[in-house]
Amino acid sequence: MANQILFEAPLIPITHQSGQTTTHSETIATLTASTLTWVENGINQVLSLDDVVGASDLSAPAGINKDINQPHRFVIHAYPMVEKRWGGIFGQRTRVLQEYQFACTDKTAVQTWITAIRNILQCLPLDAPPQPPRRLGVIINPASGQKKAKQIFNQVRPLLEQSYCELTITETTGRNDGNLRERGLDIGAIDGLVIVGGDGTIHEVINALANDADKMAIQKIPLGVIPGGTGNGLCQSLLAISGEPYSPINAAFLIAKGRVMALDIGLVAQANRRYYSFLALSWGLVSDVDIESDGLRFLGALKNDVYALIRIIFLRIYPGKISFVPYESHEPDNWQVLEGDFILFWAMNVPWATYNLQPAPKACLDDGAIDLIIIRRGISKLQLIRAFLQAVDGSHISLPNVEYYKVQRFRLEPVNNQGILAVDGEKVDSQPIEVVMRRGLARVFC
């Protein structure tokens, strides 16, 4: 089916090189579900639609023909993966814009080609009528991370617009400012929500959706993430699952392609408060590092590395009780209990906690499980440093003194106020807390 010709018609390729525009001979171009092919200077050209985000009309407005020989043109926007190198040594794989221009003999042919390309990209029948643009709400947190969220969004905005999206853009003004309707976003009038910020911003938006007057909003509106924070764990998890290297442009590419998958959400209960968590709950060394290192934000993600070394040298012990129901258990009350002195407790919903730290390599977005990483008192400082270093690729879980459990739900009971308790990177009260997974409650572009 991928190689079956779905549409073919004449096209006139146009190339631009060294300031010169060349109009090539008319060719019969063909569309399949995965490629556009044509002949240019006697050479077969193949464009993978996996790299294409959209097509736009370049025709002159009605009644205006600036070029009488080529009045009817369109452009295809593609973002192939390339490797950028610095100094001939260091390289980074990322997507870079490459455009392909074509001319047609009349405007109707241009619209036919654009509709055909858009329908194939959206997995619609070729003869489906032209669809309206996707409506994306965009929430930017200018205070996230190193305060570059607006700059980052301006870099990726053209990609989203080239993918035939209409953008409604709003900014947050401070913490707990995720109320979407107060931000001027009509929940019923958008097809997706893009968050440009850190994991704290995502936490606020998910809770706003879950508590919206439309109780189905969190299930109906897929979320896209452009990394604008310090850690960006969810964004890295989505990119890694999709085989995309970590970068804002690659994150925008996932949103542009529009593929959606389910995301588990944890229901958190603490005292009389109920709310949702999408990323992680941490206690002990990890959360102390995450929260106490805020004064080092100018270092970016390195702040965690620097402060983790300090906290390992001056190691703290955290007494408490951890109870959980194993993931494979068919009995909801089959609680297992761990008591004693702990170094760290990390409950992960996704594989990556930050863009460069993968504490839960066995975690899936939609398996209904929470992955627990536990280290108890007795591990040496050298072993602890080794565990953190190997958490970059997830190999730490094979080390002695690193315990790994998949669970349906868990309860954490700190014995005292020693240590910080954090949910999705935000500090909460250090008191008993319980989390149960809600499988596939949300949806994400991935």
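Residues are called buried under 20% relative accessible area, exposed over 50% and partly exposed in between (1.4 Å probe, protein chains only). The model is predicted, so local features need pLDDT of at least 70 and side-chain atom pairs count only at pLDDT 80 or more, while totals for chains, interfaces and linings use all residues. Residues are numbered from 1 along each chain as its sequence is written, and side-chain values use heavy atoms, with hydrogens and water left out.

Ten aromatic pairs were found in a search of the whole structure. Rings of Phe, Tyr and Trp (its six-membered ring) pair if their centres lie within 6.5 Å; planes under 30 degrees apart count as stacked, over 60 as edge-to-face and the rest as tilted. Y246 and Y355 are stacked, because their ring centres are 4.9 Å apart and their planes stand at 15°. This pair joins distant parts of the chain, 109 residues apart. Y246 lies in the loop between helix 5 (233-241) and helix 6 (248-257). Y355 lies in the loop between strand 19 (336-348) and strand 20 (370-376). Helices (H or I, at least four residues) and strands (E, at least two) are DSSP runs, numbered from the N terminus. Y246 is partly exposed at 23% relative accessible area. Y355 is also partly exposed, at 32%. Elsewhere, ring pairs connect F7, W38, F74, Y100, F102 and W113 in a cluster.

Charges also sit over rings (NZ of Lys or CZ of Arg within 6 Å of the ring centre and within 35 degrees of the ring normal). R118 covers the face of Y164, 3.6 Å from the ring centre. R273 lies over the face of Y275, at 3.9 Å.
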